[in-house]
Amino acid sequence: MLKITPAQEKLWENLQQVMREDAKEMDALTADRAEKTKTMNAVERMKFHSQLTETRLNQIKKFIPPFEELYASMSDEQKKIADTVFEKGIMRKQKSKKK
């Protein structure tokens, strides 16, 4: 989709590593919640959601630097594709929130 060039491979690998680490972290959090969900009270659920939100924010902060580096190396065509992908992802989330 992004048509990563050989010169961009290392940058792409760095970004993929961050995404893999984030996925493992989120999987562990959601697995922990799944085990405790039946015994959580309202306060515990709110604390979990706060932890989830904070974790996601930290993940986005870690994602941005390697993505910026990759994006800076992209051709105009690649940037246009990336811009479209992120716009559609954001728009899809906003539309689902309105429902």
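When I say contact today, I mean heavy atoms within 4.5 Å. With that in hand, hello everyone, and let's look at the chain: pairs of residues 24 or more positions apart account for 67% of its contacts with a separation of 6 or more.

Some ground rules. This is a predicted model, where local features need pLDDT of at least 70 and side-chain atom pairs count only at pLDDT 80 or more, while totals for chains, interfaces and linings use all residues. Residues are numbered from 1 along each chain as its sequence is written, and side-chain values use heavy atoms, with hydrogens and water left out.

So what is the overall layout? The protein chain has 3 helices and 0 strands, running α-α-α from the N terminus on. Helices here are DSSP runs of H or I with at least four residues, strands are E runs of at least two, and both are numbered from the N terminus.

Now to the pairing of helix 1, residues 9–36, with helix 2, residues 42–73: their axes come within 9 Å and cross at roughly 175°. Helix 1 is therefore roughly antiparallel to helix 2. Axes are lines fitted to C-alpha atoms, for helices over the stretch in contact, with angles from 0 to 180 degrees between N-to-C directions; under 35 degrees counts as roughly parallel, over 145 as roughly antiparallel, 65 to 115 as roughly perpendicular, and the rest as oblique.

Next, what lies inside? Buried residues, meaning those under 20% relative accessible area with a 1.4 Å probe, protein chains only (over 50% is exposed, in between is partly exposed), make up 19% of the 99 residues. The largest nonpolar core has 9 residues: Leu2, Leu11, Leu15, Val18, Phe63, Phe67, Leu70, Met74 and Ala82. Helix 1 and helix 2 are the elements that give two or more residues to this core. A nonpolar core is a set of buried Ala, Val, Leu, Ile, Met, Phe, Trp, Tyr and Cys residues joined through side-chain atoms within 4.5 Å. Leaving aside neighbours within four places in sequence, Val18 is in contact with Lys62, Phe63 and Pro66.

Do find Glu25 on your screens, in helix 1. Glu25 counts as partly exposed because its relative accessibility is 37%. Beyond its neighbours within four places in sequence, Glu25 is in contact with Thr55, Gln59 and Lys62. Glu25 and Thr55 are 30 residues apart along the chain, with their C-alpha atoms separated by 8.4 Å.

Finally, Lys3 sits in the segment before helix 1. Lys3 is not a glycine, yet it has a positive phi of about 55°. Thanks, everyone!
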